[in-house]
Amino acid sequence: MNDAKTITEQLLTGPATTDVLDDLATLRLDIFREYPYLYQGRRKDELNYLATYAKAPDACVILAYDGSAIIGAATGMPLIHEDAQVLDAFAGTTAPLEEMYYVGELLFRAAYRNGGLGQKLLARLESHIRSLGCYRTLTSATIERPDDHPLRPSGYIPLTRFLSRTGFVRLPGVTTHFTWLEIDGVKRDHSMQFWSKKLI
């Protein structure tokens with residue numbers, strides 16, 4: 001495991017994120033090919049999506065570096081700026097969407113996982129969101145995969161364990177669906193489960 005003391009962080013907002021979007025796209029494309037997403041992404045689509053972080057008010061990107069190499073990232077934006085498939089998941093709830101902040105990703109390359117860096121970046125993200133003064137709840141989504149999925153690696157630790165340990169709770173019935181091309185060349189529908197955490 002790499003020494004967390006060697007890792008530096010950079011928080012970017014607004015147009016300042018533009019210069020790092022290509023590197024962030026590379027990180028996402030590499031990591032999302034892994035289980036559980038198994039996503040065969042296209043750089044063009046990634047860059048189109050990530051451009052939202054440079055435009056949406058209060059969106060932010062936190063990058064983690066080992067030297068000059070980007071080895072992890074946390075991203076987020078106000079929920080109301082996410083796409084309809086995300087917003088529709090909350091249609092049957094009484095949640096005030098304008099007070100919710102969506103954590104899009106918390107990603108690390110394999111050599112940097114399970115050593116506390118995720119908690120560190122999440123804490124930095126939460127501190128920034130609290131400083132904005134208008135968001136009361138974090139929300140995030142996880143893909144639903146069966147425990148016996150044939151591509152599940154031995155010793156795999158699901159993100160749900162991290163979410164539970166950091167104060168997130170599962171939101172029963174708050175789900176959405178996305179379709180994407182998997183690494184075997186087949187498009188499949190995927191169920192996404194939402195979680196939330198109170199900030200104040």
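Q: Which residue stands opposite Y101 in strand 5?
A: Let's start with the pairing in this predicted model. Strand 4 (residues 100-108) and strand 5 run parallel, joined by three bridges. Across that pairing, the residue opposite Y101 is L138.

Q: What handedness does the β-α-β unit of strand 4, helix 5 and strand 5 have?
A: The unit is made of strand 4, then helix 5 (residues 117-132), then strand 5. Its two strands are the parallel pair with three bridges. The handedness of this β-α-β unit is right-handed.

Q: In strand 7, which residue is the bridge partner of A141?
A: Strand 5 also pairs with strand 7 (residues 187-198), this time in the antiparallel sense and over seven bridges. Within strand 7, the partner that A141 meets is F194.

Q: Is strand 5 largely enclosed by the rest of the structure or exposed?
A: In a regular strand, side chains alternate between the two faces of the sheet. Here T137, T139, A141 and I143 point one way, L138, S140 and T142 point the other way, and all are buried. With seven of the seven residues of strand 5 (residues 137-143) buried, the strand is largely enclosed.

Q: How are the rings of F90 and F194 arranged, edge-to-face or stacked?
A: The whole structure holds nine aromatic pairs. For F90 and F194, the ring centres are 5.0 Å apart and the planes stand at 70°; an angle over 60 degrees counts as edge-to-face, so this pair is edge-to-face.

Q: How many residues apart are F90 and F194?
A: F90 sits in the loop between helix 4 (84-88) and strand 4, while F194 belongs to strand 7. Both are buried, F90 with a relative accessible area of 4% and F194 at 1%. The pair links distant parts of the chain, and the separation is 104 residues.

Q: Y101 and Y135 tie together parts of the chain that are how many residues apart in sequence?
A: These two tyrosines form an edge-to-face pair, 5.3 Å centre to centre with 70° between the planes. Y101 is buried at 0% relative accessibility, and Y135 is buried at 10%. Since Y101 lies in strand 4 and Y135 in the loop between helix 5 and strand 5, the parts they tie together are apart by 34 residues.

Q: Which element gives the most residues to the largest nonpolar core?
A: This core has 34 residues, and L24, L27, Y37, L63, F90 and F194 touch the most other members. Several elements supply at least two residues each, including strand 2 (60-66), strand 3 (69-78) and strand 6 (169-181). The top contributor, with six residues, is helix 1.

Notes
Residues numbered from 1 in each chain as written. Predicted model: local features only at pLDDT ≥ 70, side-chain atom pairs only at ≥ 80, totals over all residues. Heavy atoms only, no water. Buried < 20%, exposed > 50% of the residue type's maximum accessible area, 1.4 Å probe, protein only. Helix = DSSP H or I, 4+ residues; strand = E, 2+ residues; numbered from the N terminus. Pairing = 2+ DSSP bridges. Right-handed = clockwise from strand over helix to strand, strands pointing away. Phe/Tyr/Trp six-rings, centres within 6.5 Å; stacked < 30°, edge-to-face > 60°. Core = buried A, V, L, I, M, F, W, Y, C linked by side-chain atoms within 4.5 Å.
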